[in-house]
Number of protein chains: 2
Amino acid sequence: MSRDVYPEYPPDVSGMQLRNIVTSAQDWSIAHGLAVRPAPTFVSESQDPTTSLAVAAPITLFPSPFPRNCFEDALSIQEAYNELYARIASEESWLKGVVEELVEIDEFMAELWNIHKKVKDEGYVQDLSLGLFRSDYMVNIDPENATSKASLRQVEFNTIASSFGGLSSQISALHKFLLKSGIYPPDVSSLNNENELIESKSARLLASGLAEAHKAYGSGNTSLPKCVLFVVQTPERNVFDQRHLEYPLIYDHGIRTYRLAFSEILKHTHLDSTRTLIYTPPHSPSTPHEVSTLYFRAGYAPTDYTSPDSWAARLHLERSRAIKCPSILTHLSGAKKIQQVLATPSSPHLSHFLPDSTTSSSILATFAPIYPLDNTAAGQHARSLALNRASAANFVLKPQREGGGNNIYRSKIPDFLKSIPETQWPAYILMEMINPPPLKNVILRNGEVQKGGVIGELGVYGVMLWRNKLVGGEHTGVEEVLVNKEAGYLLRTKGDTSEEGGVAAGFGAVDSVMLVDV
Amino acid sequence: MSRDVYPEYPPDVSGMQLRNIVTSAQDWSIAHGLAVRPAPTFVSESQDPTTSLAVAAPITLFPSPFPRNCFEDALSIQEAYNELYARIASEESWLKGVVEELVEIDEFMAELWNIHKKVKDEGYVQDLSLGLFRSDYMVNIDPENATSKASLRQVEFNTIASSFGGLSSQISALHKFLLKSGIYPPDVSSLNNENELIESKSARLLASGLAEAHKAYGSGNTSLPKCVLFVVQTPERNVFDQRHLEYPLIYDHGIRTYRLAFSEILKHTHLDSTRTLIYTPPHSPSTPHEVSTLYFRAGYAPTDYTSPDSWAARLHLERSRAIKCPSILTHLSGAKKIQQVLATPSSPHLSHFLPDSTTSSSILATFAPIYPLDNTAAGQHARSLALNRASAANFVLKPQREGGGNNIYRSKIPDFLKSIPETQWPAYILMEMINPPPLKNVILRNGEVQKGGVIGELGVYGVMLWRNKLVGGEHTGVEEVLVNKEAGYLLRTKGDTSEEGGVAAGFGAVDSVMLVDV
């Protein structure tokens, strides 16, 4: 078993105390929009056809302890990560090499790449790109070395639709409220310092990132009013998370936002002769808007592309003059394959993008080793690790395809590989398992409480707005960085028996950080 | 029919526009706690045993036009109203005369008066009283005089548990958001000036009233931490309205609040030898608190007093050193009978309390004439008005008993009176009907939309903190005014076929004011 890193946690509370915390947290959550629309298994569509009901988002009742050094590291390297991914997304020739390897096993990646090629042939009309990134980590300890320091391991880097920035600001405020108002038991020494509860300003910072893009778009090509367009899924249970980015846009920046279902893009938008993107709100046909910035909260998963029209819609948007968050190239840069290529031991790629060795080594320190299962030398080594039950116990096998799910863990890897044809092995990567220190917390979901072992995943948001260097129609690098900043954090906590994250999908809970020195 | 006073209203919107407004309003409402717990007819207890679900509060989709002169009048006379009711509540000898007339027909009033007498015999230990008042009005026009100006008519004056101050701040913010973010149709000239949409600061102002009382309570009689105690009903569907007063208490003033069910007062509070009120939170028995201020959001209706223990609990609190919001005498001052006595034509009482004739006449101008149905000369006159179908058409018959309901309107009055023994007639008062100008709006409730004729009721909140003059144990007047201020407004709008207000009870909707010059 892993060694103990955190203080005794969470505080031992009586049934009455717990009930009081639950009531206070549920009321505060609704009063402050820390909420989701209920799942259809909880409230059926026939009961509430207009989706008027809401429920507190799944939350932890206590902030989770998190090693101070790991938290500080994660925040401090976010700008370097922003820069790394902007450079990847703007170096088309490099990206091409990686993506073309993927094309055979991942139709989704192939379609995205095709869109890029079509727009490139025609010529891009927008050289600015916006990234609202999120780099996700877990805390790792060496289970066999009791004196080793806790360190960060990156789980993934999100370049599209990084969610929970809205709710994260709210949960950190809730935990502070519960402490400040004396709702937590007073005798909990580990919970007695408000300064160690870390506020996440992610909602306002991400919104200000969209505002920066809107501003950088300039006065536009038409005399129409300008807007930011959120491209969304329908129905969207996690709508309040997104609304918490929309409200500061209008309140703090005076920028109007509209929400458009991914499936309705072709119906309500068109390109004028200069490929300016015009959105005509169906509820107000007399007031078309020029779209400065497209913010994708849909279109990231193959399941969003239900028909050829979906691909036509994505192409249509990519052709436009609007600033995309993200562009196709930026979206592709978030592929697991890229993460793997960077994190393969002895890979030259990281230092290619970040020649400064201090920067690249601080990023390298957060990588969990990832191996391909192909016919390269590294792949051969990985195969031998994966087929041996003892060594496989330190790894997880992940499909290279996007869309999550279907990870194979530890000792199940050898039998799984043997059950599929060897030609399919390159469709997977082998990643070293992360060993988070044991921790307990209490999760509240739909009014029900579950206490137990949990694993926290820290996400650090980043805002990156840059101008691509376009030479002969080709993206050849970063021309200019307009904005590069760290933009708050998310702590997502799930039961340690669950292997997939995603709060609104019903697996995890939003949480906040209580710093501890370990 | 009444003449037209308001511009064509609400704007004529298409089905798509309406759907967009509904979606935007529903999301904003949950994101900002403009919410209630759903009625059991919507979500049953078995479906959601921990009351985790919430729904947007019933709201109007548009702010309602309201005559500027009436709105300004209502706000400007609130301090005079605060003073009037503080003087009534602190002049026991006068109050006694009125209440003793009521004792025979209203057991509830009698019981309240008994509590006062018991505490008086023992001696009051707290001379400060807090009122969070709300004076409710309708706009009145003379249906037969097209050139007459719209004026205010008072409906009632609330001295206990004045609700919706929390939600009112939120609905005024929602309507401003819908305007500012372009969700309202752009071509609506009557809705084009943000300055005419009036923000209600009621939540923060009422909270600051509680904070002033807490501060005036002083350092207390014990070394225990001090708190404000909300005495509440359970279950409480309108809980977020109350929470919006609790949050600024902790955030703006650092004052802790607790919520205690009216039925559990005797279980969790006790008086020490100096009659200091000690609250021991059941969830934290080791941290008893000294209660500085009792805020009643329960105990105002006979239905809250389900057993002799309920009355024992009210006596117990009244005996205590805590500042009561309201005290028994203040609670009694809100009786309908008091309003009737003040508003009976040619009554000397108003000028008794407000000798300054400018002040008293500005208040008098807001009274709808109210008549007793007793054996006095005024009563005899009223009987002849009520028994005649033609003259009765201008009146409403209201029971003097507290608790609402069972009003008899217009032409139904004569038959009703004849159906009951004449000895019971004095249990009713006859009030001149108010003629509000015709108005339409759209009400959203549980996701369903209803458009139609509406009547708006304007409530103006007031904070009044005063020291009573106690001579020989008797309340003989106001010794000192510590705080007297107007504290924001509420607009409550209901269908014009419904005759009773009360949003959470399912009859009305919260609304906000758009000033118009009529």
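Trainee: How many salt bridges does the rule find across the interface of chain B and chain A?
Mentor: There are 4 salt bridges across that interface, each a side-chain nitrogen of Lys or Arg within 4 Å of a carboxyl oxygen of Asp or Glu. This is a predicted model, where local features need pLDDT of at least 70, side-chain atom pairs count only at pLDDT 80 or more, and totals for chains, interfaces and linings use all residues. Residues are numbered from 1 along each chain as its sequence is written, chains are lettered from A in the order in which they are written, and side-chain values use heavy atoms, with hydrogens and water left out.

Trainee: Which residue forms a salt bridge with A:Asp27?
Mentor: B:Arg37 does, with the closest N and O atoms 2.8 Å apart.

Trainee: What area is buried between chain B and chain A?
Mentor: About 4000 Å², with 56% given by carbon and sulfur atoms. Buried area is the accessible area (1.4 Å probe) that two parts lose on being put together, summed over both.

Trainee: And how many residues of chain B are in contact with chain A?
Mentor: 49 residues of chain B touch 49 residues of chain A, contact being heavy atoms within 4.5 Å.

Trainee: Switching to helices: at what angle do α6 and α7 of chain B pack?
Mentor: Helix α6 (residues 165-180) and helix α7 (residues 202-217) of chain B pack at about 150 degrees, with their axes 7 Å apart. Helices here are DSSP runs (H or I, at least four residues), numbered from the N terminus. Axes are lines fitted to C-alpha atoms over the stretch in contact, and angles run from 0 to 180 degrees between N-to-C directions.

Trainee: Roughly parallel or antiparallel?
Mentor: α6(B) and α7(B) are therefore roughly antiparallel, the label for angles over 145 degrees.

Notes. Helices (H or I, at least four residues) and strands (E, at least two) are DSSP runs, numbered from the N terminus. Angles under 35 degrees count as roughly parallel, over 145 as roughly antiparallel, 65 to 115 as roughly perpendicular and the rest as oblique.
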